[in-house]
Amino acid sequence: MWLRMGWTLWNALRRYRNDKNLEAVLRKDWSREPELSAFFADIETRLHGKEIAKLQQKQAEYLALQNQINPHFLYNALEAIRSDALLADCAEIAETTEALATFFRYTISNLQEYVTFSDELDNAENYFTVQRCRFGDKLSMELELSDEALLEARMPKLILQPLVENAVSHGLEGKLEHGTVRILVESSENTLFLRVRDDGVGMPEEQVARLNEAFAADDGPTGVHLRDGIALRNVNSRIRLMFGEDYGLRIFSASGVGTECRVTLPLLAQEE
C-alpha cells in the first residue's frame, strides 16, 4: 500500500513540476488513497483561508484609499473651521471639529492592521466628542480598566468604536433620560475581554438569540432588520478570521434595561 501511495504521490509531484498547476493536483481524484486525500484537503483548506485573508486585507486597503478622496482637503477644511471657532471664542465648536478631524485621520488614513487599545480608546473618545455635539449632556462615557497595562494591549484596528457607535445609535438615542456608555476591559492569562455596555432601550430575548446565532455562525441573518447593522458583523467576522472561532462577539441585552456587546480577543503584547 505504501509503495503504491508513494508512486501516486511521486506522479502528482512530477506533474506539478512540469506545469505548476497546483489546482490540478489538489483536485485530482484521491479517493483510492484516503491518507493523501485527507492531506491534500487540509492543504487546500489552509491555502483557501490564507487567500481569503489576503483578499480581505486588500479590499480593506482599497476601500480606505477609495474613501480618502482627498483627505488633506478634508483635514485642512476642518482645521480652518476650528481656527475660525477659536477666533470667535467658540471653544466647544473648536473641540468638536478637532475631534472630528482626528477621528477621520485615524479611520481613513491609518492603514495599520494592529493598534494598541489606547489608540482605539482615543478614537472612541473622539467619536463620542462629536456625538456630544448632537446630544449635549444627555450622554456620558465611562471607562473601567482592571489593569493600566492593558492600554498597551494590541488588537485589530476599529474594534472599539463600532461598539460605542452601536450603543449610542441603537441603545441611547431612543432613550429620553440621560444615558451612559461603559467600556470595561479585563484579561485572563491569554485572553482580553472588552465589553461595551449601555443603559439604553435594550432588545427582546428573541432578537438577542438571533444575533448570537449569526455571530457564532459568522453569518449575517437575513429577513430581519437588526440593530447592529453591518458594523458589528464585520467586527465579529474580522476577529474570527484573524484568530479563530474561539474569539469574537457576543450580545447580552434586556428590553428597557440595556445592552452589552462583549468581545473576546487573544491578549497580545507589543512585541507580538
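Guide: Start with secondary structure: helices (H or I, at least four residues) and strands (E, at least two) are DSSP runs, numbered from the N terminus. The protein chain here has 9 helices and 7 strands. This is a predicted model, in which local features need pLDDT of at least 70, side-chain atom pairs count only at pLDDT 80 or more, and totals for chains, interfaces and linings use all residues. Residues are numbered from 1 along each chain as its sequence is written, and side-chain values use heavy atoms, with hydrogens and water left out.

Visitor: What is a salt bridge, and how many are counted by this rule?

Guide: Side chains of opposite charge can pair when their charged atoms come close. The rule asks for a side-chain nitrogen of Lys or Arg within 4 Å of a carboxyl oxygen of Asp or Glu. The count comes to 8 salt bridges. In one of them, Arg 82 pairs with Glu 79, with the closest N and O atoms 3.2 Å apart. Both residues lie in helix α4 (residues 71-87), 3 residues apart, about one turn of the helix.

Visitor: Is Arg 82 buried, exposed or partly exposed?

Guide: Buried means under 20% relative accessible area, exposed over 50%, and partly exposed in between (1.4 Å probe, protein chains only). Arg 82 has a relative accessible area of 21%, so it is partly exposed. Glu 79, at 36%, also counts as partly exposed.

Visitor: Which parts does the salt bridge between Glu 142 and Arg 182 tie together?

Guide: The side chains of Glu 142 and Arg 182 meet at 3.1 Å, N to O. Glu 142 lies in strand β2 (residues 139-145) and Arg 182 in strand β4 (residues 179-187), so the pair ties together parts that are 40 residues apart in sequence.

Visitor: Which residues are linked in a network of salt bridges?

Guide: Glu 186, Arg 195, Arg 197, Glu 260 and Arg 262 are linked in this way.

Visitor: What percentage of the 272 residues in the protein chain is buried?

Guide: Buried residues make up 36% of them.
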